[in-house]
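Subject: Structure for your files

Hello,

Here is the structure I said I would pass on. Please keep it open while you read the notes under it.

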Amino acid sequence: MVPGIGPTCDLRCRGPIACVNAFRQTSLSLLASHFPPYTPRLQVLPITWRWALRGRDCVDGPESQAETSGLDDRLRRLSLPSVPRLRSFANDTLLDVLLYGSLPSRHAIQAAVAQELCALRKRFLKRNPGFTGGVSVAGHSLGSLILFDLLAGQGDGQTPWVVQDPHSVSQLDFTPCHLFALGSPIAAYLAARGQDTLCGYQLSGCAQVFNIFHPLDPVAYRLEPLLVNDVPPPVLLPHHRGRERLHREVRAAILRLSVPLRAAWKALQHQLAGGGETAEEVTQKKEGGAMEGQHQDVGEHQRESVKKSDKESEETATGMHAKESAAKGESDQEPGLAPKTNSDSSDVEKPDGAEAAPMGRLNGGRRVDFVLQEAPIESVNEYLFALQSHLCYWY
């Protein structure tokens with residue numbers, strides 16, 4: 001797992017290593033409760049990258065900031081003395097986004113992530129020589145963009161949105177199975193780079209991509225609008241208790257009840273609008289409707305008679321033509337051979353790529369965007385819980 005910006009990853013001011021440890025414990029507890037007959041083994045390991053720009057001491061938590069060197073020392077000298085805590089927060093978080101926008105810093109960050117990934121995998125395989133499972137990568141916020149760019153640069157280093165020097169792209173010695181993007185701004189960065197579509201594109205360094213986000217996350221963006229024109233709603237992930245949250249069920253029940261109530265209200269309005277007619281007008285309408293119905297019945301009877309006679313003539317002609325065709329087929333057919341039949345076009349095997357995938361090739365034609373369920377209290381005020389929604393992926 002690759003964290004995003006800043007030395008802290010959640011509202012508890014925990015660093016990336018502590019948050020990944022909490023994520024691992026939560027995952028193991030859910031696996032134990034939802035798959036009791038099995039004994040799944042899952043290992044979640046943190047990948048840090050801020051040391052590439054700020055030094056090895058700047059790894060986990062704000063308590064190590066006093067020992068950092070390099071860029072942080074220069075920023076302290078350049079920062080204004082006013083609002084020191086706010087400026088320190090901006091230097092530790094927002095500046096990471098600006099640094100990743102710089103090409104040298106981007107290459108340094110990607111090289112650090114690639115180095116950590118390869119070294120950690122080798123260490124894990126050395127301690128677990130019998131391991132035969134797959135390796136997936138996950139990134140939160142900016143960390144997902146770092147992984148996306150790193151995986152897109154595998155091979156020749158050419159991507160549809162930017163042409164890079166192959167020698168400047170860090171290469172991995174393995175191919176991850178999946179990329180999980182949590183609260184990811186990948187689509188926003190691609191749009192800023194002038195990339196309007198990903199139709200027909202697939203990551204060269206990864207097989208499948210899953211874009212998972214909270215509905216109130218202000219940093220998260222959807223990827224499916226870059227894949228198809230008619231964008232469906234994101235896939236709603238089920239709650240770990242096996243059902244939707246209570247407020248969502250109540251909202252759906254109200255919506256189901258509102259449809260017949262709205263139809264009944266419209267019918268009542270129509271009846272009230274027609275209540276001002278006199279008895280004579282109503283009688284005349286009824287008599288006129290009865291006469292019109294009689295004329296319609298006579299006309300329909302005549303049309304049915306004509307159709308019946310035409311149908312009988314068509315069936316006679318068809319039967320004669322079928323007999324002639326059968327006789328001709330029996331004469332042309334060789335003895336002992338099955339009768340010739342026309343092959344259906346649906347049974348013909350189509351070439352690869354003839355039929356476009358429903359969601360492009362980014363995820364093998366499957367869905368890419370997945371949305372979490374907000375908590376009941378979060379539906380009260382979206383702006384109040386916007387910041388918390390971006391930091392909720394660790395628990």
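This is a predicted model: local features need pLDDT of at least 70, side-chain atom pairs count only at pLDDT 80 or more; totals for chains, interfaces and linings use all residues.

Residues are numbered from 1 along each chain as its sequence is written, and side-chain values use heavy atoms, with hydrogens and water left out.

The sheet

Five strands form an open sheet with parallel pairing, in the order β1-β2-β3-β5-β4. Helices (H or I, at least four residues) and strands (E, at least two) are DSSP runs, numbered from the N terminus; two strands pair if DSSP finds at least two bridges between them. At the edges are β1 (137–140) and β4 (235–236), each of which pairs on one side only.

Asparagine 211 in β3 is opposite alanine 181. Towards β5, isoleucine 212 has phenylalanine 370 as its bridge partner, and phenylalanine 213 is opposite valine 371. Five of the six residues of β3 are buried (under 20% relative accessible area; exposed is over 50% and partly exposed is in between, with a 1.4 Å probe and protein chains only).

The helices

β2, helix α8 (residues 186–192) and β3 make up a right-handed β-α-β unit; right-handed means that, with the strands pointing away from the viewer, the path from the first strand over the helix to the second runs clockwise.

Helix α6 (residues 103–127) packs on α7 at an angle of about 85°, and their axes are 10 Å apart. Axes are lines fitted to C-alpha atoms, for helices over the stretch in contact, and angles run from 0 to 180 degrees between N-to-C directions. The two helices α6 and α7 are therefore roughly perpendicular (65 to 115 degrees). In α6, Ile109, Gln110, Val113, Ala114 and Leu117 meet Ile146, Leu147, Asp149 and Leu150 of α7, where contact means heavy atoms within 4.5 Å.

The loop residue

Where is arginine 366 found? Arginine 366 is in the loop between α10 (279–332) and β5. Because its relative accessibility is 44%, arginine 366 counts as partly exposed. Leaving aside residues up to four places away in sequence, arginine 366 touches Gln208 and Met359. Arginine 366 and glutamine 208 are 158 residues apart in sequence, and their C-alpha atoms are 9.0 Å apart in space.

Regards

Methods
Angles under 35 degrees count as roughly parallel, over 145 as roughly antiparallel, 65 to 115 as roughly perpendicular and the rest as oblique.
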